[in-house]
Amino acid sequence: MEKSVRGIMVLICMAFAMSLAFYVVHGADPGPLQDFCVGVTDPSLGVFVNGFFCKNPKDVTPNDFLYKGFNTVGDTNNPLGAKVVQVNSTTFPALNTLGVAMGRVDYAPGGVNPPHLHPRASEMLAVIEGTLYAGFVSSNLQSGVNRLYAKVLNKGDIFVFPQGLIHFQLNIGSTPAVANVAFGSQTPGLITVANAVFGSMPPISDDVLTKGFQVDEKVTEALRSQFWSDGESHQYSWI
């Protein structure tokens, strides 16, 4: 009897320890402990709530919850022919702790929102004007294949990109296109694949890239030159 009780106690302790471990490593958008938490960059102007400095509620006004300019057409005169403006907790502090964000994407004919991923959010894309070819790639399957899920989208269509998966959009129409996107995080984050691989600072070793991509050093250097030039080529890392 004593042994069985002792065994049960050991199991309970192990379960408790595991629950603490999972709790410690868990990460997510901060949950609201109040109706809102308008972020401030100067701590002296705010109060500390739930891991963030928030504007004192008595100083909050309706203007804090208003974002203007979402209808402004983005400048697509760049190497990719696309422009993304993201409205997140950084650009719109009222979103702090609310767990949502939005964005507007403008595409010139042939413009591309290149392969990228958002480590902290899934994304919904709604086509407002034009025709897009959009898709995402699955993580490595047991067969070793990365499956592509892609569709041609027209005005009024919505497509979903799961969290953390590489995705893209291409304007395949002859006229400019516009899409609105919604994220399930106040700070979705961004990893642009080409920039991250060939434009990191300091750069990834040539040996890693040549062996990883099975190309010679000349190809690696040619690709790297497209994505780093005193930071100027990162002007379109704008999601």
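Biologist: Is His118 buried or exposed?

Modeller: Please bear in mind that this is a predicted model. His118 has a relative accessible area of 1%, so it counts as buried.

Biologist: Where is His118 placed?

Modeller: His118 is in the loop between E5 and strand E6, the latter spanning 123-129.

Biologist: With which side chain does the side chain of His118 make a polar contact?

Modeller: The partner is the side chain of Glu123, and the contact is 3.0 Å.

Biologist: At which residues does UniProt place the feature "binding site"?

Modeller: The UniProt record, an unreviewed entry, places that feature at His116, His118, Glu123 and His167. These positions are spread over 52 residues of sequence, yet they cluster in space, with a largest C-alpha distance of 11.9 Å.

Biologist: Let us take His116, then. Where is its place, and is it buried or exposed?

Modeller: His116 belongs to strand E5, which covers residues 112-117. Its relative accessible area is 1%, and His116 is therefore buried.

Biologist: What lies 2.6 Å from a polar atom of the His116 side chain?

Modeller: That is the backbone oxygen of Pro114.

Biologist: I also noticed Gln169. Where is the place of Gln169?

Modeller: Gln169 is found in strand E10, made up of residues 167-171. Gln169 counts as buried because its relative accessibility is 0%, and the limit for buried is under 20%.

Biologist: Which residues is Gln169 in contact with, leaving aside its neighbours within four places in sequence?

Modeller: Among them are Tyr107, His116, Glu123, Leu125 and Phe161. With Tyr107, Gln169 has a polar contact of 2.8 Å between the side chains.

Biologist: A change of topic: how many salt bridges are there?

Modeller: The count comes to six salt bridges.

Biologist: Which residue meets Asp106 in a salt bridge?

Modeller: Arg104 does, with an N to O distance of 2.8 Å. Both Asp106 and Arg104 are buried.

Biologist: And which residue meets Asp59 in a salt bridge?

Modeller: Asp59 pairs with Lys58 through their side chains, at 3.5 Å from N to O. Asp59 has 38% relative accessibility, so it counts as partly exposed. Lys58 has 67%, so it counts as exposed.

Biologist: What about Arg224? With which residue does Arg224 form a salt bridge?

Modeller: Arg224 forms one with Glu221, and their closest N and O atoms are 2.9 Å apart.

Biologist: Why are Arg224 and Glu221 separated by about one helical turn?

Modeller: The reason is that they are three residues apart in helix H4, which runs over residues 217-227. Arg224 is buried, with a relative accessible area of 12%, whereas Glu221 counts as partly exposed at 35% relative accessibility. Salt bridges that share partners also bring in Asp206, joining Asp206, Glu221 and Arg224 into one network.

Biologist: One last topic, helix H3. Which residue caps the N-terminal end of H3?

Modeller: Ser205 caps that end of H3, which comprises residues 206-213. A side-chain oxygen of Ser205 lies 3.1 Å from the backbone nitrogen of Asp207.

Biologist: Which residue follows H3?

Modeller: Gln214 follows H3, and its phi is positive, near 55 degrees.

Notes. Residues numbered from 1 in each chain as written. Predicted model: local features only at pLDDT ≥ 70, side-chain atom pairs only at ≥ 80, totals over all residues. Heavy atoms only, no water. Helix = DSSP H or I, 4+ residues; strand = E, 2+ residues; numbered from the N terminus. Buried < 20%, exposed > 50% of the residue type's maximum accessible area, 1.4 Å probe, protein only. Polar contact = N/O pair within 3.5 Å; in protein donor to acceptor, adjacent residues only side chain to side chain. Contact = heavy atoms within 4.5 Å. Salt bridge = Lys/Arg side-chain N within 4 Å of Asp/Glu carboxyl O. UniProt positions renumbered as here; feature names shortened; annotations may be inferred.
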